[in-house]
Each structure stands twice: as C-alpha cells, then as structure tokens.
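Hello,

Here is the structure I promised to pass on. Please open it and keep it beside you while you read my notes.

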Amino acid sequence: MRYSSYFIPTHKEIPADAEVISHQLMLRAGMIRKLTSGIYTYLPVGLRCIRKVENIIREEMNRAGAIEVLMPAVQPAELWQESGRWEYYGRELLRFKDRHNHDMCLGPTHEEVITDLVRREIHSYKQMPINFYQIQTKFRDEIRPRFGIMRGREFIMKDAYSFDADEEGANRSYEIMYEAYKRIFQRCGLTFRAVEADSGSIGGSFSHEFMVLANTGEDQIVNCMKCSYAANLERAEVRVADEAPASESYQMEPIQEIHTPSMKTVEDVTSFLGISADQLIKTLIFVADDEVVAALVRGDYELNETKLKNVLGCQTVELAGHDLIEETTGAPVGFAGPVGLKVKVVADQSIKVMKDFVVGGNRKDFHIRNVYLNRDFKADLFGDLRVITPQDICPRCGGEIAFNRGIEVGHVFKLGEKYSRALKALYLDEQGRESTIIMGCYGIGVGRTVTAAIEQNHDKDGIIFPIPLAPFEVTVLPLQMHEQTVVESAEKIYRDLIENGIDVLLDDRDERAGVKFNDADLLGIPVRVNVGLRGLKNGKAELKIRGESETVEIPLENAAEIIVDKVKGLYDSLK
C-alpha cells in the first residue's frame, strides 16, 4: 500500500472530547471518526486492525469446530417476549415499530434468534454437539456511551452459541471455547487473565471474562498471588473468617436507644458513639423483583448489589427511594435497622460472628446499641453480600490477593436451559424421549480488542501495536523523495517485501523525515525501515522496531530477507 494513494488523516492535537488514551490515539491516527454519540465510522486503517482481529477469531473458531452463520440485526419482539427479556433487558434494548406496527428491536445479542433457529432445525441428539458463531454489528443504547469504541452504542462483536444434549457435553463445549479464547488473545499479542464473572443480563450458571490487563481499565480484577484463582470485583468471593459464631450464652447487655441527631452516615455515628465501623451494621432497603427487602452489611464493608441479586435469586435489584424507605422503616434515610422490621432480611455472612453491635433505630435521629443476632432480630437469609477488600484472603487457598485493572474483551457463559426451555428448543434422546437442549454462549468485542491493545501498548509518541493487530507489519520510509536513488532503493525493498507476503506501507509522500517518523510512531507500525542518502552511501538502510530506542543498519542487498526474519521473530515471540 502506498501512503500517497491511501487515506490516513492523522492529527497532532489531542481531541478535547477523548477521555482515554485509546480514544485519543484512534482519532489522531485516523482510525475512526465520530458520527454521533457512541457511533463511529471505521476509517481504512482502523478497519484493517478490525479485520485482523476478525481473521484470528475466525481461524480459531473454525479450528474449535464452530460453524459461521450471519443472523439479522433486526429482531421481532415476540422472541424476546418468549424468553422474558423484552422488559427485563431495559432501555439498552432499542425498540421500534415497523410499518406494520409490529414491535421490533435492534439486536444487542442473539440468544433468542439462534435458539429459534435451532428449535426449528435441531431435533435429535445425533445433530449435536453443534456450535454456531457470527461476527456482526450489535446495538445497545448505552445511557452514557464513552471512551470511543470501547463503550459505544454500535459495535462489532463475535458471538457464538453451543448446543448439547446433556451437561457433560455442555461442559466440554464450554472448555473448548475457553481454550479457543486463550489462543485468540495470545495470538493477538495481549497480556490477559481469564476471571470468574457474573452472567448479568445474559443469564446462565457460570461464566468467565477475558480481561486485558491495563492501568486504565474500567474493571477491577482480584487474583490470588499463590493459586490460579481470579475474578472480577463484582464476582470475587469472600472467604468467611475463621471465627467462632456469636455465643448464645454470651453475657448480653439490654438494648439501648441512643439519640443521634442528624447522624446518618457510618462516620458520623461511629465517631459520636466512640466505636469502630466494624461494630455497626448498615441496613439498606432494596426492591427485589417488586419485593421490599432489607440487606445487612457490616459498617466497614460495601454491599455488592450483584451478589445480593444472586443470593436472592431475583431478576432485578434497586435501592429503594426515600419515600419507600420511610414507609418501610418509619424513619428517613440513615436510620434504618433490622430490629422490628417487617420485611425479608438478608444478611452478609460476616454478621453471623458479630455481637454487641449498633444498628439504626427505625426512628428519626435514633440508633440502637447492644444489639444481638437471634435475640433482637433474625435474618431470613445469609450469604456473601459484600465487596472483597485487599485485607481479605483468597477464597480458594487462603493466599494473599492482589487487585489489578482490566478491560473486558471476551465473555464465555454456561447458559444451561435458560433460553432453550423458554423457547422450547427440544430434541429426542437415544430412548426417543423429549429433552431440553443445553446451551452455552461466547462473545468477543472485536473493536474493544483493538482499543484494549492500544490501552496496553502505547507511549508518548503513539500506539505500539502487537504485530498481529497492526494495520501494517512494516512501513518503508524514503527520506528524500527528490533523490532518485533513495526512491528506487525504497521501491525495491517495498516490492521485495510484498513478494514475501509482508503487509507493508510505503510512505511515498513528499514530506520531511520528521513528519514521516511521527506518523509511523503514531500508527504503531511494528517495523520501520528508513531509506536515506546518508545510509545509501554505505549501502545500508536503517531498521527500527516500534517501542525500542535502538536503530540498526542493515545491508541493502539483503534488506528484505532481514526484515522478513524480523517480522517472523515478532510473531514467534508471541507463542
């Protein structure tokens, strides 16, 4: 490819509305342009990177035995109503009516569509296992799209769906996809971790997220320094402390109401009473699937709403509004407590070992001290409800844990019968009995993988692409376009590289050397070859690897051979 006949609109200035480095660099490198909020056009260089990710994905999905299909972007409401997600999915689902007044939506995901296809076509255990995948544009009407294509409304995604006759087969399909994902992200040249995750709106029994490690990542990852345990923050389990439960024979003081005027926060109450935060219980009022519940957590801990939802087994959990809190507790926000409360009470497991603690008094400006579990109130349900902290230990081996930041680029789900049961995707087993198909679901954000690579690999000069994702593997820079010997030497290297199957960009613009160097660094092309008068006098060209400071001279006579070997070496370093 010749720079002069291509379209690479680079910019020096940092865009004012770009918050994260990948967004800034993709705009500056001429990879994307914004159309409207959360919706972008992929320019030629950006599209080349996207296609390279897609090619790696296709090769590994095909290698894993998956079969490519392409499903419609527009989906009928009836399918989503059958699965129960038409209302549950929320406002991210862009709904509209067609000219016949039928309710439709733009697909944010395709569980319903693929299950509908399978229930019409798969009828026997002999037709399974089978796994279908597609690479397609999705639309989710994000409330606050940000960070460029990292969290846009329209995005390119690879989604796959496995179908099995039994749990054993489904687990095997899940493992095959898990291993395929590891190969995909290794081949992309990314540093990543597979972590346990919550299944969210997709549903299912268990799942893993594939996180690219980056300091700018939105997600927090918890991993053990001793064993292989890793999870995202909302999923990370808390190991119950090895403490004795509160003894029924313990000398209990009578409960005591304390006047705490205008003291609503943990800090206010503990300071006023002269106690530590771990001696207080916070009572939070939620609405869980239209039922009011009280969730209890120790004062020094943060409640994890995802865990609360999972412990309750409900579809939605939302903090109650001020009016509902006052109606439920008899007190304004900040004074709720479990004593005398007439709603379901679910408590964090840490509360089992507490005694002689402080709670809200369900009365304005009052708290209660000397409270005991089972004597003064009972919990209907216990569970792991809180956010893990750096002071906690690994839930698996008891080792030290560490916190990192990451960007989710892939997610694999064990769906079970969630969709196949709702949409009646059935098959006949070996005995001729009708059974429900077991499903799995596997997604990769294609554009997000490119942004994650940039977040993980950049410097002050621009992008440092891993070679499998770079728009070009090599760029050849003739430094004096008015000198015939320079142009001819650069052209020969360019042609030789093409003949050797190298993806190469010839910067044949009539620009200063500094401009060419800056654009090559900004674009993140892994190998740069400089051809200039000074080197030609000695029969040399210069070779530089992006991200390295050293420039080495190479002989012109076998320059292409040396460059090809260098490119192969960069690929080999990823294995």
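Which residues of helix α13 (residues 513-523) are buried? They are Val515, Lys516, Asp519, Ala520, Asp521, Leu522 and Leu523. Keep in mind that this is a predicted model.

Just after α13 comes glycine 524, with a positive phi of about 75 degrees.

Now look at the loop between β28 (504-506) and α13, where aspartate 507 lies. Is aspartate 507 buried or exposed? It counts as buried, because its relative accessibility is 2% and the cut-off for buried is under 20%. Leaving aside neighbours within four places in sequence, aspartate 507 is in contact with Tyr3, Val476, Leu477, Pro478 and Lys516. Lys516 is also one of the buried residues of α13.

Last, a helix pair. The axes of α12 (residues 484-499) and α15 (residues 559-572) come within 9 Å. They cross at roughly 50 degrees, which means α12 is oblique to α15. The crossing is right-handed. From α12, Ile493, Asp496 and Leu497 make the contact. From α15, the residues are Ala559, Ala560, Ile563 and Val564. By type, the contact has 6 nonpolar residues, no polar ones and 1 charged.

Over to you.

Best wishes

Note on methods. Residues are numbered from 1 along each chain as its sequence is written. This is a predicted model: local features need pLDDT of at least 70, side-chain atom pairs count only at pLDDT 80 or more; totals for chains, interfaces and linings use all residues. Side-chain values use heavy atoms; hydrogens and water are left out. Buried means under 20% relative accessible area, exposed over 50%, partly exposed in between (1.4 Å probe, protein chains only). Helices (H or I, at least four residues) and strands (E, at least two) are DSSP runs, numbered from the N terminus. Axes are lines fitted to C-alpha atoms, for helices over the stretch in contact, and angles run from 0 to 180 degrees between N-to-C directions. Angles under 35 degrees count as roughly parallel, over 145 as roughly antiparallel, 65 to 115 as roughly perpendicular and the rest as oblique. A crossing is left-handed if the near helix is turned anticlockwise from the far one by less than a right angle, and right-handed if clockwise. Contact means heavy atoms within 4.5 Å. Ala, Val, Leu, Ile, Met, Phe, Trp, Tyr, Cys and Pro count as nonpolar, Asp, Glu, Lys and Arg as charged, and the others, Gly among them, as polar.
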